[in-house]
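This report describes selected features of one structure, beginning with a charged residue and the ion pairs around that topic. Please consult the sequence and model shown here.

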Amino acid sequence: MEQQKTLLEPQAVLDAAARLRTLLLEVKKVIVGQDLMLERMLVALLARGHILIEGVPGLAKTLAVKTLAEAIGASFKRIQFTPDLVPADLVGTRIYNPREARFEVELGPIFANLILADEINRAPAKIQSALLEAMQERQVTIGHETYKLPDPFLVLATQNPIESEGTYFLPEAQVDRFMFKVWLDYPAFYEEMTVVERVSSRFEPVREVMSAEDLRALQAMADQVHVHPAVTEYAVRLTRATRDPGEVGLAALKKYISYGGSPRASVNLILGAKALAIVRGREYALPEDVRDLAPEVLRHRVILSYEALADEVKLEEVVRKIIAATPLPKVHLGDPYREARPENPAV
């Protein structure tokens, strides 16, 4: 079989990776540490995926999203989710104009390229339903009319895991729409020292180093990244292992899992791997790209059983064991169509 040439030029990909590093350095003028979160935010931007960031208060979740929006130069809206929020506050509503004797549509703050849904779990089900249409269909319905959202459109949501009063559980259907769920931990000692020094002085102003047009071009480039069939097979094996751990030799974990990842998890693993390849300066995705993204793609899609809660089994530990037990395939870069299978496939 004749080898198919990649649609991307290696030098163009290296240039794109350099631009993304410039964007990252601009954001890090304000944000200290949190390298994993910042990389996942870049990947989500390129893959057109939404991201849910969870961490205790004071870890710069909101500031990171705001700073990224400033560096990109795209339209940005912050929506503070509260229990008294109604769908009209989010998507807009119809207003009667007495002078014209007709109804006019007032579009809501969701009509922006980057949406920061701050404390998303504080809003009730009606708001979550309105947001679900926007996230999945990239459109909203007001009255009898449907309005397309701007392109690109990305939701970056935050939530606080230690406060339960006045909060709501996010519907599983909506949680599944987030490409990544990133958990933030406290900064290291010297990172916290740097945070204090920066806050006590003045932040260096953030420059606009990328436009919405540039972002759309990078998204189109990520679409063309080559994915070897063995890489796709590896992503599907990972997702299937969350439904039946016995497929990777972890039958003992099956009683602890009520539901595993849907096919959307497999899709997001590949879309994320393609975007991560661009970030890392490659025109092809590797199994390592899928493996590196797997914790953030799978952790919010696996639901533990009551038996797991009784035995104090941690979700993160279950996901980690599944990833470790799923063997990486050998991919021959010189021939992307050559047969490739895991070194030790599970029987």
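## Salt bridges

Arg280 has a relative accessibility of 34% and is therefore partly exposed, where buried means under 20% relative accessible area, exposed over 50% and partly exposed in between (1.4 Å probe, protein chains only). The model is predicted: local features need pLDDT of at least 70, side-chain atom pairs count only at pLDDT 80 or more, and totals for chains, interfaces and linings use all residues. Residues are numbered from 1 along each chain as its sequence is written, and side-chain values use heavy atoms, with hydrogens and water left out.

A salt bridge joins Arg280 to Asp292, with the closest N and O atoms 3.0 Å apart; the term requires a side-chain nitrogen of Lys or Arg within 4 Å of a carboxyl oxygen of Asp or Glu. This pair links distant parts of the chain, twelve residues apart: Asp292 belongs to helix α11 (residues 287-298), and Arg280 to the loop between α10 and α11. Helices (H or I, at least four residues) and strands (E, at least two) are DSSP runs, numbered from the N terminus. Asp292 is partly exposed at 24% relative accessibility. Shared partners also join Glu39, Arg40, Glu296, Arg299 and Glu316 into one salt-bridge network.

## Further ion pairs

The structure holds 23 salt bridges. One of them is formed by the side chains of Asp176 and Arg264, at 2.5 Å from N to O. Asp176 lies in the loop between α6 and β9 and Arg264 in helix α10 (residues 263-279), so this pair ties together parts 88 residues apart in sequence. Asp176 is buried at 14% relative accessibility, while Arg264 is partly exposed at 27%.

The side chains of Glu307 and Lys255 form another salt bridge, at 3.8 Å from N to O. Glu307 is in helix α12 (residues 306-310) and Lys255 in the loop between α9 (229-243) and β10 (257-259), so parts 52 residues apart in sequence are tied together.

## Helix α5

After α5 comes Arg138, with a positive phi near 55°.

## Thr158 in strand β8

Thr158 is found in strand β8 and is buried, with a relative accessible area of 1%. Its C-alpha atom is separated by 4.8 Å from that of Ile53, 105 residues apart along the chain. Leaving aside residues up to four places away in sequence, Thr158 touches Ile53, Lys61, Leu116, Ala117, Asp118, Glu119 and Ile120, contact meaning heavy atoms within 4.5 Å.

## Aromatic rings

Rings of Phe, Tyr and Trp (its six-membered ring) pair if their centres lie within 6.5 Å; planes under 30 degrees apart count as stacked, over 60 as edge-to-face and the rest as tilted. By this rule there is one aromatic pair. The rings of Phe189 and Tyr190 have centres 5.1 Å apart and planes at 90°, so the pair is edge-to-face. Phe189 is exposed at 57% relative accessibility, and Tyr190 is exposed at 66%.
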